[in-house]
Amino acid sequence: MAMAASGGSGDAWAVMERFYAAEAAYVAAGGYGKASYEQAAACLDPEVVLHQAPGLPFTGSGTWRGRDGMERFLARFSEVWESMEFLDQRHWVDGDTVVVRNRVRFRARATGREVEALILQLIRLRDGRMLECRPFYWDPAAIAEACGWTTPQAHDEAPAG
């Protein structure tokens with residue numbers, strides 16, 4: 001994979017930049033019923049699938065399908081977060097596959113706490129729109145804690161065998 005610069009790979013990254021800006025604007029406006037979903041939806045393939053890891057305050061079932069599913073996800077996401085700010089983004093593009101390393105600062109609605117998160121996303125595009133997204137959170141416990149969720153503590157020991 002090469003760092004995106006221009007041409008076809010730049011087009012894939014341009015789609016993601018538009019989506020990230022629309023996502024942040026949606027959250028800042030307060031989410032469903034308060035924000036327009038049009039700009040985000042324009043970046044999404046009609047058959048888009050988002051695969052979220054279980055155990056976070058906004059993941060729900062973990063799989064969100066279609067533009068309607070993504071709108072439901074963003075509505076839930078906006079219930080949890082009051083704001084999100086992209087502090088650093090690095091990306092690599094290979095054809096219709098984009099890997100993004102995001103450092104994001106979130107502020108939780110329930111607690112007012114801020115948390116910086118490192119998120120790696122594996123994204124596939126089709127015809128210039130997001131088709132599939134798999135985000136991987138470096139520290140899900142910190143995210144849950146900022147939102148006031150309690151999570152089981154991780155253990156460093158190997159399982160008994």
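Predicted model: local features only at pLDDT ≥ 70, side-chain atom pairs only at ≥ 80, totals over all residues.
## Overall architecture

The chain contains four helices and seven strands. Along the sequence these elements are arranged in the pattern β-α-α-β-β-α-β-β-β-β-α. Of the 161 residues in the chain, 42% are buried. Where contacts join residues at least 6 apart in sequence, 53% of them link residues at least 24 apart. The accessible surface of the chain amounts to about 8,900 Å², and carbon and sulfur atoms account for 49% of that area.

## Nonpolar core

The largest nonpolar core has 46 residues, and the members that touch the most others are Phe 19, Phe 58, Trp 81, Val 98, Phe 106 and Ile 123. Helix α1, spanning residues 7-28, is the greatest contributor to this core, supplying ten residues.

The surroundings of Phe 58 can be given in detail. Beyond its neighbours within four places in sequence, Phe 58 contacts several aromatic residues, including Trp 64, Phe 73, Phe 77, Trp 81 and Tyr 137. Its contacts also include Gln 52, Arg 76, Val 80 and Ile 143.

## Strand pairing

Strand β4 (residues 81-94) pairs with strand β5 (residues 97-108) in the antiparallel sense, over twelve bridges. Within this pairing, Glu 85 is placed opposite Arg 105 of β5. The two strands form a hairpin with two residues between them, where Gly 95 adopts a positive phi near 65°.

Strand β5 is also joined to strand β6 (residues 114-126), again antiparallel, through eleven bridges. Here Arg 101 has Leu 120 of β6 as its bridge partner. The hairpin of β5 and β6 has five residues between the strands, and Gly 112 in its turn shows a positive phi of about 75°.

## Aromatic pairs

Across the whole structure, eight aromatic pairs are found. One of them joins Tyr 20 and Phe 86; the ring centres lie 5.1 Å apart and the planes meet at 55°, so the pair is tilted. Because Tyr 20 belongs to helix α1 and Phe 86 to strand β4, this pair ties together parts that are 66 residues apart in sequence. Tyr 20 is buried, with a relative accessible area of 4%, whereas Phe 86 is partly exposed at 23%.

A stacked pair is formed by Trp 81 and Phe 106, with 4.5 Å from centre to centre and 25° between the planes. Trp 81 is in strand β4 and Phe 106 in strand β5, so the pair ties together parts 25 residues apart in sequence. Both partners are buried: Trp 81 has a relative accessibility of 0%, and Phe 106 has a relative accessible area of 2%. Trp 81 and Phe 106 also belong to one aromatic cluster together with Trp 64, Phe 73 and Phe 77.

| Residue | Partner | Distance |
|---|---|---|
| His 51 | Glu 132 | 3.1 Å |
| Glu 116 | Arg 103 | 2.9 Å |
| Glu 116 | Arg 105 | 3.3 Å |

His 51 is located in strand β2, which covers residues 44-51. Its relative accessible area is 19%, and His 51 counts as buried because the limit for that class is under 20%. Apart from residues up to four places away in sequence, His 51 touches Gly 62 and Thr 63 as well as Glu 132, Cys 133, Arg 134 and Pro 135.

Glu 116 lies in strand β6 and is partly exposed, with a relative accessibility of 44%. When neighbours within four places in sequence are set aside, Glu 116 contacts Leu 87, Arg 103, Val 104 and Arg 105. Its side chain makes polar contacts with the side chains of Arg 103, at 2.9 Å, and Arg 105, at 3.3 Å. Arg 105 is also the residue of β5 that stands opposite Glu 85. The C-alpha atoms of Glu 116 and Ala 146 are 9.8 Å apart, while the two residues are separated by 30 residues along the chain.

Terms used
Residues numbered from 1 in each chain as written. Heavy atoms only, no water. Buried < 20%, exposed > 50% of the residue type's maximum accessible area, 1.4 Å probe, protein only. Contact = heavy atoms within 4.5 Å. Areas by Shrake-Rupley, 256 points an atom, 1.4 Å probe, with all protein chains shown as cover. Core = buried A, V, L, I, M, F, W, Y, C linked by side-chain atoms within 4.5 Å. Polar contact = N/O pair within 3.5 Å; in protein donor to acceptor, adjacent residues only side chain to side chain. Pairing = 2+ DSSP bridges. Phe/Tyr/Trp six-rings, centres within 6.5 Å; stacked < 30°, edge-to-face > 60°.
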